[in-house]
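Thanks for coming. I will go through one model today, starting with the ligand and then moving along the chain.

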Amino acid sequence: MTSKTPVELLPRPANVSRRGFVGGLSAGILGAVASEAAGAETLADVPDRGPGADLSAHSERSRFAKLDRIPEATPGKRNVDPGDAINSKTPHQKLVGNITPTDLHYERSHSGVPDIDPAQHRLLIHGMVQKPLVFSVEDLKRMPSVTRVVFIECTGNGWENWKKADPDVTVQNTHGLVSTNEWTGVPLKFLIDLVAKDKGSNWMLAEGGDGAGVDRSIPLTDEIVNEAFVAYGQNGEPLRPAHGFPMRLVMPGFEGNLNIKWLRRLKFGSEPWMTRWETARYTQLLANGKARQFQLRMETNSVITQPSGMMQIQPGYNRISGLAWSGHGKIAKVEISTDGAKTWKPAQLSQPVLSKAQVRFQMDWVWDGKPTKIVSRSTDDQGNVQPDRQSFIAAMGTNALFHYNAQQTWSIDEAGRVRNVLA
Ligand SMILES: Nc1nc2c(c(=O)[nH]1)N[C@H]1C(S)=C(S)[C@@H](COP(=O)(O)O)O[C@H]1N2
Ligand SMILES: [Mo]
């Protein structure tokens, strides 16, 4: 071992101390990290250089990096034929940072992915408006735009763990129905002004152009009018077909289902339309047998992604990392327990922390090799705290399927095997 620890090799701004840069790592942790890295003195310790492949029009992921979504059917039905899949989940256990790669953004499509020619596509805006209008994609691209990083989360995210915990699943199985991308499009407010919406209209119907024709009634609260937008861009390029090409509604902080893909119509009215998507589907059957409609906001949530289900760790230094998000606003704090929720320590949040976007958190941990449980708990800037599973079930019962946001516990046995448990 030499004095050149991996941390010292990282570039850092000249005016930031090493301690500030690594976020106050203790000397003990630095020693633990360095002792696990192999000692090295010269270039003989790194592989030789070699010739490169030709440059190409399109860059692909390294053949050594295996990153795939997994198509799944209803809860518990894994490894299905893609033709039977209803969603395809993000491999959070293999990702870093805050932004989900575009091709790994989770997908939920009710009747497959339509093949839409943008030159033919139109968006109709009508109902309680002075000037009903129809727009092409090019019309939208000429309008003022917003660009914003937001998470989209299916209401079904987490349903795997609502009734029972299958030990042999990954975080991709349990939490793969949430992703964060940068979306670009036209503010809803701008479109509302263009068509001159009637003051008396406080509901909007958004309808998709797929076979299923998913349509939802959206209440026009100030927050939604100010934050929703019709997106045509995703991570700097046109939307991918799976995510609504050529245009979709983006509803920061609200149910994935409201983010209508392949958007073909916005209709303004004075009451909800009670479509089958908000009566037969996307309602919550409560413990008392009554169903709750229009539970639209996504909750305060977090999950440890590394280490997580089906991984195996070694005693000694381990870095715990994960993602936190809230449909109410910004994540204010994430705490981690490495002793089964008895004691908690604050995790570091990667900057910037954005409202209604996932944020990466991390904490250094030296595992003593004894069986234990690790769990994270987030708090947002509105004071909402992610509930433990017991309080979540006490409040919501076990009839419902959607909006599961209880704390996720991973157990670690004496061999270092990480498994899914209820708490
Ligand atoms: N037109 C249309 N919009 C849709 C859907 C759909 O099947 N058709 N699925 C909805 C659901 S249930 C979710 S969770 C999100 C998923 O968005 P994504 O596939 O881009 O992740 O899109 C929503 N918008
Ligand atoms: Mo969804």
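Start at the ligand: one oxygen atom of ligand 1 lies 2.6 Å from a polar backbone atom of Tyr106. Keep in mind throughout that this is a predicted model.

In Asp210, a polar side-chain atom is 2.6 Å from a nitrogen atom of ligand 1. In His243, an N or O atom of the side chain is 2.7 Å from an oxygen atom of ligand 1. How much of the accessible area of ligand 1 does the protein cover? On its own, ligand 1 has 540 Å² of accessible area, and the protein covers 100% of that. As for where the ligand is placed, ligand 1 sits in the largest cavity.

Now the shell. There are 20 residues around ligand 1, and those that come nearest are Tyr106, His110, Asp210, His243 and Lys261. Sorted by class, the shell comprises seven nonpolar residues, eight polar ones and five charged ones.

Next, the annotations. UniProt, in an unreviewed entry, gives residues 110–277 as "domain: Oxidoreductase molybdopterin-binding". In the model, that span is 15% helix and 33% strand, and its end C-alpha atoms are 11 Å apart. Also from an unreviewed entry, UniProt has "domain: Moybdenum cofactor oxidoreductase dimerisation" for residues 295–403; the spelling is as in the record. Residues 295–403 are 7% helix and 41% strand, with 9 Å between the end C-alpha atoms.

Last, some backbone geometry. As background, most peptide bonds are trans, and most residues other than glycine have a negative phi.

Pro307 is in the loop that runs between β16 (301–306) and β17 (316–325).

There is another cis bond to list, from Gln351 to Pro352, where omega is near -5°. Pro352 is placed in the loop between β20 (348–349) and β21 (359–367).

Then Tyr282. Its phi is near 55°, which is positive, and the residue is not a glycine. Where is Tyr282? Tyr282 is in the loop between α8 (276–279) and β14 (284–285).

To recap the ligand part: ligand 1 is in the largest cavity, and Tyr106, Asp210 and His243 are among the residues that come nearest to ligand 1. That is what I have.

Methods: Residues numbered from 1 in each chain as written. Chains lettered and ligands numbered in written order. Predicted model: local features only at pLDDT ≥ 70, side-chain atom pairs only at ≥ 80, totals over all residues. Heavy atoms only, no water. Near = heavy atom within 4 Å. Polar contact = N/O pair within 3.5 Å; in protein donor to acceptor, adjacent residues only side chain to side chain. Areas by Shrake-Rupley, 256 points an atom, 1.4 Å probe, with all protein chains shown as cover. 1 Å grid on protein atoms, 1.4 Å probe; cavity = no way out; pocket = protein on both sides within 12 Å on 5 of 7 lines; lining within 4 Å. Sits in = over half its atoms within 2 Å of the grid points. Nonpolar A, V, L, I, M, F, W, Y, C, P; charged D, E, K, R; others polar. UniProt positions renumbered as here; feature names shortened; annotations may be inferred. Helix = DSSP H or I, 4+ residues; strand = E, 2+ residues; numbered from the N terminus.
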